[in-house]
Amino acid sequence: TVLVIGACGQLGSELTLELRNMYGGANVVAADIAAPKQADLRDSGPFEKIDVLDVKAMGELASKYKFKQIYHLAAVLSATGEKNPKFAWKLNMDGLFNVLDLALEQKVERVYWPSSIAVFGPSTPRQNTPQQTIMDPNTVYGISKQAGERWCAYYFEKYGLDVRSLRYPGLIGYKALPGGGTTDYAVDIYHKALEGEIFECFLSENTFLPMMYMPDAIKATLDLVHAPAEQIKVRDSYNLSAMSFSPEEITASIRKHIPDFEIVYKPDSRQQIADSWPQSIDDSTAQQDWGWKPAFDLDAMTEDMLLNLKKMKDEQTLAHQ
Ligand code: VAH
């Protein structure tokens, strides 16, 4: 059985659905602090309401199902974390410790835990950021991801736990709305463009950030988890990349489909977070070690996002009639 913690989140909901396609719905347990709202997630397999900080409940869950793999995706993201630093640190770190210790106890074969480009900071080289480089994150989220990477490497080296990790760029998907990320303007922009609304962008027009379309992020995650252990040379977290773009560039891409789409730029506190992150990532180590190769560039993502968002909205309209 496979456990996905944080299964209702932006990444978790899509990863759970893909894992259920691969392993069968009944073999993938979705766990989160609140029940799923998405019908396909709710109706495709078992759900367990749980707080990853509740050690007792986590132990009972593991005894009930005997997990072979655990994907631990529950975390507070960058922007939200800055509003509640101590809670963000507690959830992100104690949640990880609970999962790592549980995995050791239950002899779980594989643990997956996401890191982020947020582990890099203002002194990190911002172009083609290397796999090994200076890391001075200045968000609680980034600090928790940097510390989390060190602990994952420690549990591998000291206890032999096969835990694997990717430093995701900003992730863009159409199924679940994101929660509190600095890159999430790039999801909201598609919804507003489709609704014919003017989009207020909280980053300035030339803010370049590493980004990835959700299908590529899901493929990278499953390719990494399923790669033979001897191919995995990086045990803190792999740099991962697909594209980099600015609000100006995603706007131009959208206008190829919706010519009169309008955007206004109103940078807020998230601008400082974005300015502390890399503008492009060198993921050659992931390419060499386990054959990573993205499929979607900006225009391919825009086309697929608008097509699927429109389909979802039409279905929702039909359902409400
Ligand atoms: C965030 N979407 O913005 C997340 C991600 C690289 C960004 O870590 O916090």
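Me: A charge is said to sit over a ring if NZ of Lys or CZ of Arg is within 6 Å of the ring centre and within 35 degrees of the ring normal. What makes the charged end of R235 count as sitting over the ring of F156?

Reply: The charged end of R235 sits 4.0 Å from the centre of the F156 ring, and that value falls within the 6 Å limit. The charged end of R270 likewise sits over the ring of F202, at 3.5 Å from its centre. This is a predicted model, in which local features need pLDDT of at least 70 and side-chain atom pairs count only at pLDDT 80 or more, while totals for chains, interfaces and linings use all residues. Residues are numbered from 1 along each chain as its sequence is written, and side-chain values use heavy atoms, with hydrogens and water left out.

Me: Why is the pair of W151 and Y154 called edge-to-face?

Reply: Rings of Phe, Tyr and Trp (its six-membered ring) pair if their centres lie within 6.5 Å, and planes under 30 degrees apart count as stacked, over 60 as edge-to-face and the rest as tilted. This rule gives twelve aromatic pairs. For W151 and Y154 the centres are 5.3 Å apart and the planes stand at 65°, so the pair is edge-to-face. The two residues are three apart in helix α6 (residues 140-159), and about one helical turn separates them; helices (H or I, at least four residues) and strands (E, at least two) are DSSP runs, numbered from the N terminus. W151 and Y154 also belong to one aromatic cluster with F97, Y155 and Y159.

Me: How do you know that W151 is partly exposed?

Reply: Buried means under 20% relative accessible area and exposed over 50%, with partly exposed in between (1.4 Å probe, protein chains only). W151 has a relative accessible area of 33% and Y154 one of 32%, so both values fall in the partly exposed range.

Me: What makes Y238 and W290 an aromatic pair that is edge-to-face?

Reply: Their rings lie 5.8 Å centre to centre with 85° between the planes, which meets the pairing limit and the edge-to-face cut-off. This pair links distant parts of the chain, with Y238 in strand β12 (residues 238-239) and W290 in helix α11 (residues 284-290), 52 residues apart. Both Y238 and W290 are buried.

Me: Why is strand β2 (residues 28-32) described as largely enclosed by the rest of the structure?

Reply: Five of the five residues of β2 are buried, so the strand is largely enclosed. V28, A30 and D32 point one way, V29 and A31 the other. In a regular strand the side chains alternate between the two faces of the sheet.

Me: How do you know that β1 (residues 2-5) and β2 pair, and in which sense they run?

Reply: Two strands pair if DSSP finds at least two bridges between them, and four bridges join β1 to β2, running parallel. V2 stands opposite V28 in β2. On the other strand, β3 (residues 47-49), three bridges join it to β2, again parallel, and A31 stands opposite E48.
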